[in-house]
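Look at the model below. Then work through the questions one by one.

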Amino acid sequence: MGVLLSVYSDKKFNEDQTLLVEQAVKLIESYGKKEVRCFQNDKVLIAQWDFNAYKQAAWLQNDTQIASLVGHPLISDNRTDDLQCLAESHLLSSNLSESEGAFCFVKYTPHSHHLTIATDPLGLRPFFVMEYKGLKIISSRVSVFKELGLELTANADALTEYATLGYYLLDHTPYLEVTCSYPSEIISLKPDEEQRSHYFDWVELAKQNLTMKQAVSNIDRAFKRCCDKYLSVDQNVISTLSGGLDSRTIATELRRRNANVKAFNFSRQKTQDLACAIAYAEHQSIDLDIIEVSDTQKASVEDRLGKHWQSELKNTPTNIERPQLSWSGNGGSVGIGLIYYSEPLYQAALTGDPEILVDAYLEQQYAYLPESIVEDAQQLQDNLRKNILKSLEPLSDLPLEKAYQLFLFLNDQHHHLSIPFEEITTFKMEFCLPMYSWKVLAAPLGLPVEEVRKHKFYLQWLHHSYPQATQVAWQAYPGHIPCPHPMPDIDQWQMASDKRTAASEVIATWKKAYRFKSHQLLKKSRISVLCILHLLGLKNARPQLNVVNKLIHW
């Protein structure tokens, strides 16, 4: 895993462009020069930074082509073989359609000056594109454009989406000049020619009509095959383990294969998350490393695990064959458990009216900008609503309740990892993500929505294939099928809603907001008053401060 960076010009680089290319090389070498591979001629740069988490090279260079990738296509269990397959393919779309992993792929043919870039079926590892002074600059991290010092303009609509929903819609990024690839998108660049296409049809996949029995059989087979490819020949692995079902299902499958699992839990003391994780680790003989955190929302699990584990590796030998590769249950709760689909939202979807659905979605997510601290909040809120409706348009061939299910896949889940993976240069970890395989997601997508909501299908699958996963208490989502076992300790959902932001964090946000100059969306005097009221204990401004932090994140 790592970072891809490419610079493409139809013609020979001029002097200014050559300087930018040199700057791009220096930037990617700053992540770790020994881990960088580059190809450069007078019209193109292909650069890869890869810390070799998979222990399988992903750089191919010969007389006819240069190809590389970050992540793992998971066509097979070997990404070197997968790279060769994609690079030499005469039917690239067909080969890409068999991929189950999270990756970004690039291929360049010098003879025809042809550059091809593709992302995975869900776009979990997207590519970002910027046109700049006659160049196409393409990267697997949006942060690269800022790190290169390029002139960028804040995208107010995108920042609104990130602040309220936690992800971007359409091809939006924090910058107007930069676009993000859609799921399964391919870009083909030749002199004076650009083509964009998609190799995977999610809408067609959603038109299946499965019975519960078929869906359980299909997901069990797909999940095990996907785990096969991720695991390869490893006997010792690391994984996250929370109190929920997603990481537990991963751990259960790994233990079924007799893999030795070292797991990590990041939670607060005296919570259901911690108590359930400990109970299940004991039940499955899993070595559990507990790292207490005061705020589970302050950093991503990927970031916490990477930094903690890398620190531990410096002092302690390990028998983990691929120590920078961790297993994760990411994707299970949305894709298979279908959270974010409350009863009011389901009833709104059944009306068949997208306008009613979007209003219900905004209400469910409480996706509103506070007018008291955000300039033009109502206009931005209107734009947010329009962009959600626009995102639903390509799904109009489906019943609205099914379209919304797919909307979650192609939007919320599409960006779920791309945002934390912006920090990959610091946490240096890659993740096995079987819950995101399209062959796994095809099962819940092929059932009626009512059979999937509230973890109904998920629990059917576990009872059939992994009954041991439900023999110990787990932390169920509010409003979903409850756990039948006695639940210990404090409800973490209640703790999250009651928590106040610490004074030091309020002051830090206050200072950062006042110094921030990339856009003029904040009412800084109002934010000052809000912070003072919070510090005096007269108001809990945590929700508003969370919005501020997201608006100034980029």
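**Strands, sheet and overall build**

Strand β2 (residues 36-40) and β3 run antiparallel and are joined by five bridges. Strands here are DSSP runs of E with at least two residues, helices are runs of H or I with at least four residues, and both are numbered from the N terminus. Two strands pair if DSSP finds at least two bridges between them. This is a predicted model: local features need pLDDT of at least 70, side-chain atom pairs count only at pLDDT 80 or more, and totals for chains, interfaces and linings use all residues. Residues are numbered from 1 along each chain as its sequence is written, and side-chain values use heavy atoms, with hydrogens and water left out.

Q: Which residue of β3 is the bridge partner of Gln40?
A: A hairpin joins β2 to β3 through three residues. Across the pair, the partner of Gln40 in β3 is Leu45.

Q: Which residue stands opposite Gln48 of β3?
A: β3 also pairs with strand β1 (residues 2-8), in the antiparallel sense, over seven bridges. The residue opposite Gln48 is Leu4.

Q: How many of the residues of β3 (residues 44-50) are buried?
A: Buried means under 20% relative accessible area, exposed over 50%, and partly exposed in between (1.4 Å probe, protein chains only). In a regular strand, side chains alternate between the two faces of the sheet. Val44, Ile46, Gln48 and Asp50 point one way, Leu45, Ala47 and Trp49 the other, and all are buried. The count for β3 is seven of seven.

Q: Which strands are the edge strands of the six-stranded open sheet?
A: The order is β4-β5-β6-β7-β11-β12, with antiparallel pairing. An edge strand here pairs on one side only. The edge strands are β4 (59-61) and β12 (193-198).

Q: Which residue of β11 is the bridge partner of Ala118?
A: Strand β7 (residues 114-119) and strand β11 (residues 185-190) run antiparallel, joined by four bridges. The partner of Ala118 is Ile186.

Q: Why does Thr271 count as buried?
A: Thr271 lies in the loop between β14 (260-267) and α9 (272-283). It counts as buried because its relative accessibility is 1%.

Q: What is the radius of gyration of the chain?
A: The chain has 22 helices and 17 strands. The radius is taken over C-alpha atoms, and the globule rule is 2.2 Å times the number of residues to the power 0.38. For 554 residues the rule gives 24 Å, and the chain comes close to that, so it is as compact as a globular protein of that length. Its radius of gyration is 23 Å.
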